[in-house]
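Colleague: I would like to learn how to read helices and their packing. Could we go through an example together?

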Amino acid sequence: MNAPATTPTALLVMEKERRADVYPPEVTAGLGRLVHWQAPPLTREELADAPGVLRDVDLLLTGWGAPVLDTALLGQAPRLRAVFVAAGSVRHLTTPEFWARGIPIVSAAAANAVPVAEFTLAQVLLGLKQAHRIARDVAQHRRFPRDPEVAGGYRARVGLWGLGHIGRLVAGHLSRFDVEVVATDPAASPDTARQAGVRLVGIEELFATCQVVSLHAPLLPATRGAIGESLLNSLEPGATLINTARGALIDEPAAVRVLRARPDLTAVLDVTHPEPPAPDSPLFTLPNVVLTPHIAGALGAERHRLGQLVLDEVRRFTLGEPLQHALDPARAASLA
């Protein structure tokens, strides 16, 4: 990539609510030293009302509330040379027309993976102690068990479904503990697994032999509803299932049946399908479901990492250096 001859013109388009978190003052100041702002930040709706502002834009910066990069938008942006998305998945905003233009697009998935992996690590360690199950038993019976039978954090087995950004980070965190980590990921090579310090196994073995199973797979036609009754019933007594990926990976009616019949199991669900669940969903009342409202991803100041990644990538672009977080269509399709 050759260095731009002049300062590129940029436009920031995203929702107002999270803009200050994603692009805090230190990030916007850094960007201001690298680009010329075409206009003040806009929302997707404001851009739709004034699409002509794109005419001289070289770099489109965005995040949550990104505009769809369709034929209409691209037709208004003849100078567009790169898109920087301070969020994870870009599947909802990219189109065949965009990919045909050959414009680089950067995702901040690597930055958003950090808090998800941290949240997952916390839940894995709690799961190995069966902390959620024991806490509900204590509350129900109003007594402490004398010697709870739990796997604990020594030589237990933890299973990861998916070795993308988040799965590999979780594996890295777990490498500091005396646990065995196995993973299922058809797209992962033996070399990827070796570098992550995990052993690849089939999904049936993953569910049947791990004390904790954590989901990190993307939502694809092949993975939608893949976690059903058979796999869930194969979980060991007292096992914990963690889902911070996509709710639709789990066959929810099947999960409800199994969790009702297996009070020894715990499901930590940070994502659901639909999200949020319907008001009458059993997920709200099943005692062995820990339901959190999609908090594993970047919140508050954690979102600064996403904007910082975009700033670093814009700096590389202006210096003519290779972008480290640019996606091709295949990689974009694999991001959850």
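Colleague: Is α6 mostly covered or mostly uncovered, and how many of its residues are buried?

Modeller: Note first that this is a predicted model. A residue counts as buried under 20% relative accessible area. In α6, 14 of the 20 residues are buried, so the helix is mostly covered.

Colleague: What follows just after α6?

Modeller: Gln130 comes just after the helix, and its phi is positive, about 50°.

Colleague: How is a pair of packed helices described?

Modeller: Two values are used: the angle between the axes and the distance between them. Take α6 (residues 109-128) with α13 (residues 304-319): the angle is about 155° and the axes are 7 Å apart. An angle over 145 degrees counts as roughly antiparallel, so α6 is roughly antiparallel to α13. The crossing of this pair is right-handed.

Colleague: Which residues make the contact between α6 and α13?

Modeller: From α6 come Ala110, Ala111, Asn112, Val114, Pro115 and Glu118, and from α13 come Arg305, Leu306 and Leu309. By type, this contact has 6 nonpolar residues, 1 polar and 2 charged.

Colleague: At what angle do α6 and α8 cross, and within what distance do their axes come?

Modeller: Helix α8 covers residues 165-174; its axis and that of α6 cross at roughly 45° and come within 8 Å. That angle makes α6 oblique to α8. This crossing is right-handed. On the α6 side the contact includes Ala113, Ala117, Thr120, Leu121 and Val124, while the α8 side includes Ile166, Leu169 and Val170. The residues of this contact divide into 12 nonpolar, 3 polar and 1 charged.

Colleague: Now a residue in a loop. Where is His216, and is His216 buried or exposed?

Modeller: His216 sits in the loop between β9 (212-215) and α11 (229-233). Its relative accessible area is 10%, so His216 is buried.

Colleague: Which residues are in contact with His216, leaving aside its neighbours within four places in sequence?

Modeller: Among them are Thr120, Ile166 and Val170. Thr120 belongs to the α6 side of the contact with α8, and Ile166 and Val170 to the α8 side. Other contacts of His216 include Trp161, Gly162 and Thr244.

Methods: Residues are numbered from 1 along each chain as its sequence is written. This is a predicted model: local features need pLDDT of at least 70, side-chain atom pairs count only at pLDDT 80 or more; totals for chains, interfaces and linings use all residues. Side-chain values use heavy atoms; hydrogens and water are left out. Axes are lines fitted to C-alpha atoms, for helices over the stretch in contact, and angles run from 0 to 180 degrees between N-to-C directions. Helices (H or I, at least four residues) and strands (E, at least two) are DSSP runs, numbered from the N terminus. Angles under 35 degrees count as roughly parallel, over 145 as roughly antiparallel, 65 to 115 as roughly perpendicular and the rest as oblique. A crossing is left-handed if the near helix is turned anticlockwise from the far one by less than a right angle, and right-handed if clockwise. Contact means heavy atoms within 4.5 Å. Ala, Val, Leu, Ile, Met, Phe, Trp, Tyr, Cys and Pro count as nonpolar, Asp, Glu, Lys and Arg as charged, and the others, Gly among them, as polar. Buried means under 20% relative accessible area, exposed over 50%, partly exposed in between (1.4 Å probe, protein chains only).
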